[in-house]
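Here are my notes on the model you sent over. Have it open while you read, and go through the points in order.

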Protein chains: 2
Amino acid sequence: MPTDAPDEQLVRDLDETGLLARIFPLLPAGAATLVGPGDDAAVVAAPDRRFVVSTDVLVEGRHFRREWSSGEDVGRRAAAQNLADVAAMGARPTALVVSLVVPGDLPVAWVTGLARGLAGASEPSGAAVVGGDLSGGRDVVVAVTVHGDLEGRPPVLRSGARPGDVVALSGVRGWSAAGLAVLSTGGGAAGGRPDGGPSEDRRDADVDRALAAYRAPAPPLADGPAAAVAGATAMLDVSDGLLRDAGRIAAASGVAIDLDGAALRPDDGLVAVADTLVRAGGERGAGAELAATWVLTGGEDHGLLATFPAGTALPGGFRPVGRVRTAAAGEGRVSVDGAAPRVSGTGWDHFGGR
Amino acid sequence: MPTDAPDEQLVRDLDETGLLARIFPLLPAGAATLVGPGDDAAVVAAPDRRFVVSTDVLVEGRHFRREWSSGEDVGRRAAAQNLADVAAMGARPTALVVSLVVPGDLPVAWVTGLARGLAGASEPSGAAVVGGDLSGGRDVVVAVTVHGDLEGRPPVLRSGARPGDVVALSGVRGWSAAGLAVLSTGGGAAGGRPDGGPSEDRRDADVDRALAAYRAPAPPLADGPAAAVAGATAMLDVSDGLLRDAGRIAAASGVAIDLDGAALRPDDGLVAVADTLVRAGGERGAGAELAATWVLTGGEDHGLLATFPAGTALPGGFRPVGRVRTAAAGEGRVSVDGAAPRVSGTGWDHFGGR
């Protein structure tokens with residue numbers, strides 16, 4: 001039954017109509033929306049007679065924990081990782097729809113926070129939330145489908161990389177994995193300080209940056225269309241780790257990729273976070289080595305990895321990180337400085353946990 | 001770990017790539033697919049520079065039970081209820097994407113059955129499955145997003161009904177609710193006979209029809225575009241019961257709807273199913289009355305309810321079931337033969353269970 005204190009309301013206190021009435025006003029409109037939420041379906045503009053579409057699902061206990069991430073964090077992350085898939089085709093996001101499963105004991109404020117996060121991550125890209133569905137269930141599930149406009153350009157697939165191309169990356173490297181490591185070793189609840197004690201401001205800022213990168217990644221969305229305009233031959237968003245995702249371009253294109261170890265040296269701040277964890281005993285190995293592993297195998301950064309013909313002026317935030325080479329029989333498809341990467345894993349698998 | 005007996009494999013025996021490799025070959029291609037599954041996103045044709053989009057989620061324990069429905073049933077139902085939303089805009093389905101959450105102990109055969117069901121329900125309409133995402137989780141969740149092509153026509157919204165219009169329905173009425181009632185009273189496991197004893201063939205056929213309608217509804221998809229071509233002024237798919245969904249057209253259009261009791265008399269077979277349940281003690285009241293309640297309030301039939309200007313030659317399977325009237329202050333928006341409907345509920349709510 002409804003209470004007088006809206007902030008303490010639970011999902012089970014409202015019916016579907018009542019919950020939707022809380023969510024709709026929070027969602028952004030978009031220029032491409034011809035018919036918005038409220039009918040059987042929405043209608044979205046597709047100016048060049050095509051649309052790009054991708055779907056991604058976040059599951060409580062698998063992709064996030066409610067004690068580690070707010071509703072707004074989860075909304076931002078769900079939008080960001082989907083928007084990155086559209087950007088990675090070279091398209092501009094236009095519209096999202098969201099299927100949301102919520103337990104009855106979930107605070108309504110968590111759901112409205114999720115809507116605010118979806119809106120906050122979508123609005124700057126011009127994308128609207130045009131529809132959705134709500135259901136009860138034991139665990140929170142957020143399934144987002146995102147659409148984009150190729151603006152008349154061919155899509156940038158994974159399969160177009162050619163020997164001689166420059167490999168370039170836009171976006172952060174390893175920071176989401178660092179944030180997850182901080183939380184996994186107990187550093188999240190106490191404001192981001194793994195040791196719970198005093199630490200210098202700079203290190204706090206680095207840990208906070210890692211936590212923010214994990215909770216709500218901010219992919220360089222505008223660099224997707226910019227890469228397409230600049231002539232990118234292949235592109236994807238880095239969701240499962242740089243080595244694994246570079247391997248996907250290599251496999252789809254029938255080439256090898258050699259990454260440049262110096263160009264992928266971890267940020268100083270990332271090493272500082274790793275040092276903090278190593279000192280606190282939460283992770284094994286030297287800080288620099290741990291940070292390098294995050295850069296090469298950390299998932300969920302959602303940067304854009306692309307290949308460009310040699311000599312291309314790299315657009316936006318793209319920086320060179322390697323070269324495309326001819327695939328030779330018997331060699332690994334992704335190398336670092338010409339040798340097999342010195343890390344144990346090559347990414348993560350959604351069924352194996354992590 | 002993998003076993004030699006594929007039929008007994010569980011989801012946890014495969015990684016994401018391995019499970020996708022089982023699913024992809026089962027999915028239909030479609031004429032509108034420009035880039036199919038396997039990249040960051042798919043690309044779909046939108047010939048008239050617009051696309052229709054809708055999303056719906058099915059959750060185990062809420063919308064289906066694994067002991068009542070096979071994977072193929074759930075796949076058919078997930079596709080059908082989404083395709084009906086596109087048809088209800090007057091559009092032709094083009095493409096689906098699917099986010100799927102599966103527990104580790106789910107048989108792989110259940111998942112491939114789901115893919116077959118999605119394919120079987122989509123292919124006749126020309127729609128392809130162009131993408132998806134997979135995750136582990138405690139309960140099965142199937143979130144489908146469907147797209148359609150308006151073929152140059154304006155979308156048929158809920159808000160266009162005008163006084164004097166004919167109200168017409170295409171599709172079955174009450175059969176899904178009857179199937180759910182059979183299963184809820186224990187009739188599902190024993191081949192559809194609630195009493196477990198011998199019964200005449202005809203009654204068995206009726207019960208089987210009810211079970212099939214619940215497990216895998218078959219909306220009259222082609223009647224959506226046909227209604228648009230014929231000049232339908234408003235349309236929706238009946239997902240939450242005829243009274244409740246007629247009320248949505250009435251509310252959106254600012255009109256009243258008077259349904260024709262004689263035109264909505266339950267099929268003989270539906271009354272036979274109700275009689276069987278009443279005799280078995282599973283439901284209260286006379287069979288005819290129970291069947292009438294299923295017709296007026298049963299959800300999930302996914303027929304198409306539309307309004308047409310008076311005198312329109314009704315297309316396809318549409319049959320007249322009422323009239324649009326001017327909304328008068330103080331009167332209920334949906335009536336039957338000019339009076340308030342004689343049923344207790346007006347549909348169902350997804351949070352309230354049922």
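**Notes on how the two chains meet**

1. Let's start with the contact itself. In this predicted model, 63 residues of chain A are in contact with 63 residues of chain B. Every one of the interface residues of chain A (100%) is also an interface residue in chain B, so the copies meet through the same surface.

2. Next, the area. The size of an interface is often given as the accessible area lost when the parts come together. Here chain A and chain B bury about 5,100 Å² between them, and 57% of that is on carbon and sulfur atoms.

3. Now for the polar side of things. There are 24 residue pairs in polar contact between chain A and chain B, counting pairs with both residues at pLDDT 80 or more. On chain A, the side that touches chain B is made up of 34 nonpolar, 13 polar and 16 charged residues.

4. Which part of chain A gives the largest share of the side that touches chain B? That's strand 3 of chain A, with nine residues. Other elements supply at least two residues each, among them helix 1 (16–23), strand 5 (128–136) and strand 6 (141–149) of chain A.

5. Strand 2 of chain A runs antiparallel to strand 3 (residues 50–59) of chain B, and four bridges join them. To find your way, look for Val44(A), which stands opposite Phe51(B) in strand 3 of chain B.

6. Side chains of opposite charge can pair when their charged atoms come close.

7. Last, the symmetry. Two copies of a chain are related by a rotation about an axis and a shift along it. Here, chain A superposes on chain B with a rotation of 180 degrees and 0.0 Å of shift along the axis, at an RMSD of 0.0 Å. The two copies are therefore related as by a two-fold rotation axis. Which residue of chain A comes closest to the rotation axis? Arg49(A) does, with its C-alpha at 2.3 Å.

Terms used. Residues are numbered from 1 along each chain as its sequence is written. Chains are lettered from A and ligands numbered from 1 in the order in which they are written. This is a predicted model: local features need pLDDT of at least 70, side-chain atom pairs count only at pLDDT 80 or more; totals for chains, interfaces and linings use all residues. Side-chain values use heavy atoms; hydrogens and water are left out. Contact means heavy atoms within 4.5 Å. Buried area is the accessible area (1.4 Å probe) that two parts lose on being put together, summed over both. A polar contact is a pair of N or O atoms within 3.5 Å; within protein, one must be able to donate a hydrogen and the other to accept it, and residues adjacent in sequence count only if both atoms are side-chain atoms. Ala, Val, Leu, Ile, Met, Phe, Trp, Tyr, Cys and Pro count as nonpolar, Asp, Glu, Lys and Arg as charged, and the others, Gly among them, as polar. Two strands pair if DSSP finds at least two bridges between them. Copies are superposed by least squares on the C-alpha atoms of residues with pLDDT of at least 70 in both.
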